[in-house]
Amino acid sequence: MTNDDRLRPVDLARLAGVSTQQIRNYEEAGVLPPAARTASGYRTFRDVHRRALLTHRTLAKGYGPATATRIMRTVHDGHTAGALALVDAAHAALHAERTALRATSEALGMLTGEPPSRLPRSGLSIGDVAALLGVRTSTLRVWEAAGLLAPRREKGTRYRTYGPADVRDARLIHTLRRSHYLLDQIRPVLQGLHREGSSEALRAAIEARGRALTARTRAMLEGAGRLHDYLEVCDHLDVRDSRDGRDCLDGLDAPGAAGLSAAGTTTGSTAGGPGPSPT
């Protein structure tokens with residue numbers, strides 16, 4: 001790689017559509033490998049910095065900016081296994097969210113009983129609700145202690161009074177408990193039902209969230225693929241050497257270090273990125 005292949009901060013900034021200060025921030029945060037310096041102290045970047053920038057921006061779409069920054073910083077610290085562990089953790093969290101969403105959807109499908117219009121309109125006592133469901137009053141108290149029920153209390157006597165929404169929730173809890181759902185698994189179902197206002201609205205929200213998770217999964221796959229390509233480049237050079245003032249980024253000419261265009265597509269060139277812009 002020759003001096004003509006060097007990139008200025010403004011060149012990377014234009015590529016990413018950010019300010020030159022942001023490029024400097026990226027380098028200081030470890031998103032980019034350390035830049036070499038000219039005799040006068042100006043930063044000079046190479047094609048590996050362009051690749052790192054594109055990798056970070058692609059990762060950020062699926063993993064989020066904070067996680068993307070941690071991944072790139074860990075790579076540039078020389079801990080590839082640690083960076084991949086961050087990727088694994090993000091995918092595990094997404095899987096857990098998808099599993100919880102599926103459980104909520106299945107639980108919602110079990111919502112049975114009388115329609116709201118046939119639920120008791122006047123307040124019921126804890127004994128009335130227990131008899132209606134065929135459970136003990138102590139069971140209702142356990143559900144209340146777990147934060148799943150919150151019946152109103154009468155003034156003076158402090159007796160519990162269950163309204164139609166409370167009875168609906170108790171019925172849903174009872175149905176899910178008979179299907180071996182844990183209380184912690186039931187809680188998000190009730191929270192979603194309260195937030196959306198109806199089972200139909202909750203079902204629509206679940207479907208929308210499912211589509212969002214699918215889109216995020218695809219974005220994460222794209223980011224993981226770009227990271228894989230970047231790690232292939234890093235295998236051919238030590239991006240940390242320039243911390244000691246040594247410019248070793250000429251290693252991009254190594255076999256297998258195929259170039260990436262500004263749009264992110266693989267090219268057949270191994271000569272590096274575009275030269276500095278004329279302005």
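1. Burial overall. Of the 279 residues in the protein chain, 41% count as buried. The model is predicted. The accessible surface of the chain comes to about 14,600 Å². Carbon and sulfur atoms hold 52% of that surface.

2. Secondary structure and contact order. The chain comes to 10 helices and 4 strands. Along the sequence, these elements follow the pattern α-α-β-β-α-α-α-α-α-β-β-α-α-α. Take the contacts between residues at least 6 apart in sequence: 63% of them join residues at least 24 apart.

3. Helix α1 on helix α3. Two packed helices are described by the angle between their axes and the distance between the axes. For α1 (residues 9-16) and α3, the angle is about 30 degrees and the axes are 11 Å apart. Angles under 35 degrees count as roughly parallel, and α1 and α3 are therefore roughly parallel to each other. The crossing of α1 past α3 is right-handed. On the α1 side, the contact residues are Leu12, Leu15 and Ala16. They meet His49, Arg50, Leu53, Leu54 and Arg57 of α3. By class, this contact has 5 nonpolar, 1 polar and 2 charged residues.

4. Helix α3 on helix α4. Helix α3 spans residues 47-63, and α4 spans residues 65-76. They pack at about 140 degrees, with axes 7 Å apart. That angle makes α3 oblique to α4, because roughly antiparallel is kept for angles over 145 degrees. Here too α3 passes α4 in a right-handed crossing. From α3, the contact draws on Ala52, Thr55, His56, Leu59, Ala60 and Tyr63. From α4, it takes Pro65, Thr67, Ala68, Thr69, Ile71, Met72 and His76. The classes are 8 nonpolar and 5 polar residues, with no charged residues.

5. Is Val75 buried or exposed? Its relative accessible area is 6%. The cut-off for buried is under 20%, so Val75 is buried. Leaving aside neighbours within four places in sequence, Val75 is in contact with Ala83, Leu227, Tyr230, Leu231 and Cys234. Val31 lies 44 residues from Val75 in sequence. In space, the two are 8.9 Å apart, C-alpha to C-alpha. Val75 itself is found in helix α4.

6. Thr137, in helix α7. Helix α7 covers residues 137-145, and Thr137 lies in it. Thr137 has a relative accessible area of 29%. Buried means under 20% and exposed means over 50%, so Thr137 is partly exposed. Which residues does Thr137 contact, leaving aside its neighbours within four places in sequence? They are Ile126, Gly127 and Ala130. Ile126 is 11 residues from Thr137 along the sequence, and their C-alpha atoms are 6.3 Å apart.

7. Arg158, a backbone point to check. Most residues other than glycine have a negative phi. Arg158 is not a glycine, yet has a positive phi of about 65 degrees. Where does Arg158 sit? Its place is in the loop between β3 (152-153) and β4 (160-161).

8. Helix α8 on helix α9. Helix α8 (residues 164-178) and helix α9 (residues 183-196) pack at about 145 degrees. Their axes are 10 Å apart. The crossing is right-handed. Arg168, Asp169, Leu172, Ile173, Leu176 and Arg177 make the contact from α8. Leu183, Ile186, Val189, Leu190, Leu193 and His194 make it from α9. By class, this contact has 8 nonpolar, 1 polar and 3 charged residues.

9. Arg218, in helix α10. Helix α10 runs over residues 199-234 and holds Arg218. Relative accessibility at Arg218 is 64%. Exposed means over 50%, so Arg218 counts as exposed. How many residues separate Arg218 and Gly62 along the chain? They are 156 residues apart. Their C-alpha atoms are separated by 7.7 Å.

How values were computed: Residues are numbered from 1 along each chain as its sequence is written. This is a predicted model: local features need pLDDT of at least 70, side-chain atom pairs count only at pLDDT 80 or more; totals for chains, interfaces and linings use all residues. Side-chain values use heavy atoms; hydrogens and water are left out. Axes are lines fitted to C-alpha atoms, for helices over the stretch in contact, and angles run from 0 to 180 degrees between N-to-C directions. Helices (H or I, at least four residues) and strands (E, at least two) are DSSP runs, numbered from the N terminus. Angles under 35 degrees count as roughly parallel, over 145 as roughly antiparallel, 65 to 115 as roughly perpendicular and the rest as oblique. A crossing is left-handed if the near helix is turned anticlockwise from the far one by less than a right angle, and right-handed if clockwise. Contact means heavy atoms within 4.5 Å. Ala, Val, Leu, Ile, Met, Phe, Trp, Tyr, Cys and Pro count as nonpolar, Asp, Glu, Lys and Arg as charged, and the others, Gly among them, as polar. Buried means under 20% relative accessible area, exposed over 50%, partly exposed in between (1.4 Å probe, protein chains only). Accessible areas come from the Shrake-Rupley method with a 1.4 Å probe; for residues, only the protein chains shown count as cover.
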